[in-house]
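Here are some notes for a colleague opening this model for the first time. Please read them beside the sequence and the structure.

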Amino acid sequence: DIRAVRATLILAEVIDEADRWTGGDTIVVQVGDQLDRGDDEQEIVDLFEDLSDQAWAAGGGFFPLVGNHETMNVGLNFGYVTAGGWLDFADIPYDEGDPQLNLYPAEQRGRVAAMRPGGIYARIFAEHNMVMIVGDTLFAHGGLLPQHLVMGLDEMNRRVQAWMRGEGPIPDTINSAEGVVWNRFYSSGTSAMDCARLSQVLSALEVDRIVVAHTVQPQGINSACGETAWRVDVGLSNHYGGRPQALEIVGDAVRTLGP
């Protein structure tokens, strides 16, 4: 939902009405799921790439993370693609003799070519992280669990990025229900055991909090585990009818922007 995207970024005072970066040295982290359930995906991804360049030039940062819907599309799971979502990528060039693409109807082949490992948009996603730390905050679409620490953040990102470039197998961190883009321990039904698990992760990484998405929060942005887990999926797009909100972190101060 490109209108909701723009409304949120304007709310956060990082772009103007002409999509120009106004955030200076602000760092924006978009916590994944740029794809599916809407018709504006290509425009959104292209805007994010442009803003990444603009923010970098201004001394700031704009970092879209990989969510489960990006990994689903690269993994050729198109179960949440709208009719407009197929049409949006129909102009992507492809080899008409490609046997894999010929398994799909003609109107779907452009998207498949763009999203499959090594495709033009898969390679864009391969430039993004699945999990990252900015200051004292850890960001992940689903959540980071103690068992993920064994591999380390850099290696997890490297393996996912290699797969998206078509240079390696799909990692277990993508396939598993407890994977970084899939688990909901910190975003739904969070228990004392989940909070203890999070405390272990935060302590090991020497950060103060995690920001996650993946589970829509009808009440808006909220926190759990003594404000160490922040849930920011507000069902922003037209599909869910959410309202623009953003989480602002300045030093140790954390607040919600928007209604």
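How many bridges join strand 4 to strand 5, and do they run parallel or antiparallel? The first point answers this, after a word on the source. This is a predicted model, in which local features need pLDDT of at least 70 and side-chain atom pairs count only at pLDDT 80 or more, while totals for chains, interfaces and linings use all residues. Residues are numbered from 1 along each chain as its sequence is written, and side-chain values use heavy atoms, with hydrogens and water left out.

1. Strand 4 (residues 137–140) and strand 5 (residues 209–212) run parallel and are joined by 3 bridges. Within this pair, T137 stands opposite R209. Strands here are DSSP runs of E with at least two residues, helices are runs of H or I with at least four, and both are numbered from the N terminus. Two strands pair if DSSP finds at least two bridges between them.

2. These strands belong to an open sheet of 5 strands with mixed pairing, in the order 3-4-5-7-6. Strand 3 (131–134) and strand 6 are its edges, each pairing on one side only. On average, neighbouring strands are turned by 25° against each other, direction ignored. Strands of a sheet pair through backbone hydrogen bonds, either parallel or antiparallel.

3. Helix 9 lies across strand 3, strand 4, strand 5 and strand 7, and runs at about 115° to strand 5. For such angles, axes are lines fitted to C-alpha atoms, for helices over the stretch in contact, and values run from 0 to 180 degrees between N-to-C directions. Contact means heavy atoms within 4.5 Å.

4. The whole structure holds 1 disulfide, a term that means a pair of cysteine sulfur atoms within 2.5 Å. The bond joins C195 to C225, with S to S at 2.0 Å. C195 is in helix 9 (residues 192–205), whereas C225 is in the loop between strand 6 (222–224) and strand 7 (229–231), 30 residues apart. The torsion about the S-S bond is about -80°, so the disulfide is left-handed.

5. Are the two cysteines buried or partly exposed? C195 is partly exposed at 22% relative accessibility, and C225 is buried at 18%. Buried means under 20% relative accessible area, exposed over 50%, and partly exposed in between (1.4 Å probe, protein chains only).

6. T71, in helix 3 (residues 68–74), counts as buried because its relative accessibility is 3%. Leaving out residues up to four places away in sequence, T71 touches V66, W163, M164, I174 and V181. T173 sits in helix 8 (residues 172–175) and is buried, with a relative accessible area of 10%. Again leaving out residues up to four places away in sequence, its contacts are M130, M156, V160, G179 and V180.

7. Strand 8 (residues 246–250) and strand 9 (residues 253–257) pair in the antiparallel sense over 5 bridges. A246 stands opposite L257 in strand 9. Their hairpin has 2 residues between the strands, and G251 takes a positive phi near 65° there.
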